[in-house]
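Subject: Structure handover

Hello,

I am passing a structure on to you, and I hope you enjoy looking through it. Please open it first, and then read my notes alongside.

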Amino acid sequence: IDIREITGILKREISQYEAKLDVTKVGRVVEVGDGIARVYGLQDALASEGYRVTAVSDGLAALAAVRAGGIDLALLDVMMPGKSGYDVCRDIRKTDERLPIIILTAKGEEIDKVVGLQLGADDYVTKPFDPDELAARMRALRRRAAGRGQPLLQHGDLVVDPAARTV
C-alpha cells in the first residue's frame, strides 16, 4: 500500500465522518488573489471536496462577493489590487464575525502572520502549501463555524446571545 492509497482511504473516512456530523455540506468559497486556485490546482481539489469556488482578482470584488451572501469561507491573498487582503479581512470583520477567513499568501514573516490574525483571519497559510492540508484546515474552520451558532437563551423579556455576547 502506498501513500496515495492511504491518503485516499483517509479522505473517504473523513468525508463519511463529516457527513454524519452534517457540518461540511457543499460550501461556497471566495478565492481572491493572484490565481491561487488555478496555480495550485485548488479549484479542482476544492470541487472534489464539495466546494464551489468563486475566484476574483481584487479586494473590492472579494468584498462584493462576500456582501452578496452565500459565501461560506474566504481565502484571501495579502497582496492584491484594489484592497489588500488585510483590508478585506478587516472590512469583512466589521459586519461578519462568523465567516471563516484564511489568508493564503507568500508573505510568511512572523509579523505578517500576527497582523493577519489580529485583523480577524482565522488561519494564515503561506505558499507554497499542500492543497490537502488547506482543505483539512477549511473543514476544521467550517466545523468550528457551525458550532458558533449557539442558541439564544431566553427568560421572560431577557434574551442573551452567547455568540454575539449581547443581552
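Below is what I found, going from the whole chain down to single residues.

Please keep in mind that this is a predicted model. The protein chain contains 7 helices and 7 strands, and along the sequence they come in the order α-β-α-α-β-α-β-α-β-α-β-α-β-β. Of its 167 residues, 38% are buried. If you take the contacts between residues at least 6 apart in sequence, 63% of them join residues at least 24 apart. The chain exposes about 9600 Å², and 52% of that comes from carbon and sulfur atoms.

In soluble globular proteins, nonpolar side chains tend to be buried together. Here the largest nonpolar core has 19 residues, and the ones touching the most other members are Val88, Ile92 and Ile101. Helix 4, strand 3, helix 5 and strand 4 each give two or more residues to this core, with helix 5 supplying the largest share, 4 residues. Another core lies apart from it, made of 13 residues that include Val53, Leu75, Leu104 and Leu141.

Now zoom in on isoleucine 92, which sits in helix 5 (residues 85–95). Is isoleucine 92 buried or exposed? Isoleucine 92 has a relative accessible area of 2%, and it counts as buried because that value is under the 20% cut-off. Beyond its neighbours within four places in sequence, isoleucine 92 is in contact with Leu63, Val66, Leu99 and Ile101. There is also a pairing across the sequence to look at: the C-alpha atoms of isoleucine 92 and glycine 120 are 8.7 Å apart, while the two residues are 28 apart along the chain.

Isoleucine 101 has its own list of partners. Setting aside neighbours within four places in sequence, isoleucine 101 is in contact with Ala74, Leu76, Cys89, Ile92, Arg93, Ala121, Asp122, Asp123 and Leu141.

One last stop is the backbone. Most peptide bonds are trans. The bond joining lysine 127 and proline 128, however, is cis, with omega about -5°. You will find proline 128 in the loop between strand 5 (123–126) and helix 7 (131–147).

Happy exploring, and best wishes

Notes: Residues are numbered from 1 along each chain as its sequence is written. This is a predicted model: local features need pLDDT of at least 70, side-chain atom pairs count only at pLDDT 80 or more; totals for chains, interfaces and linings use all residues. Side-chain values use heavy atoms; hydrogens and water are left out. Buried means under 20% relative accessible area, exposed over 50%, partly exposed in between (1.4 Å probe, protein chains only). Contact means heavy atoms within 4.5 Å. A nonpolar core is a set of buried Ala, Val, Leu, Ile, Met, Phe, Trp, Tyr and Cys residues joined through side-chain atoms within 4.5 Å. Accessible areas come from the Shrake-Rupley method with a 1.4 Å probe; for residues, only the protein chains shown count as cover.
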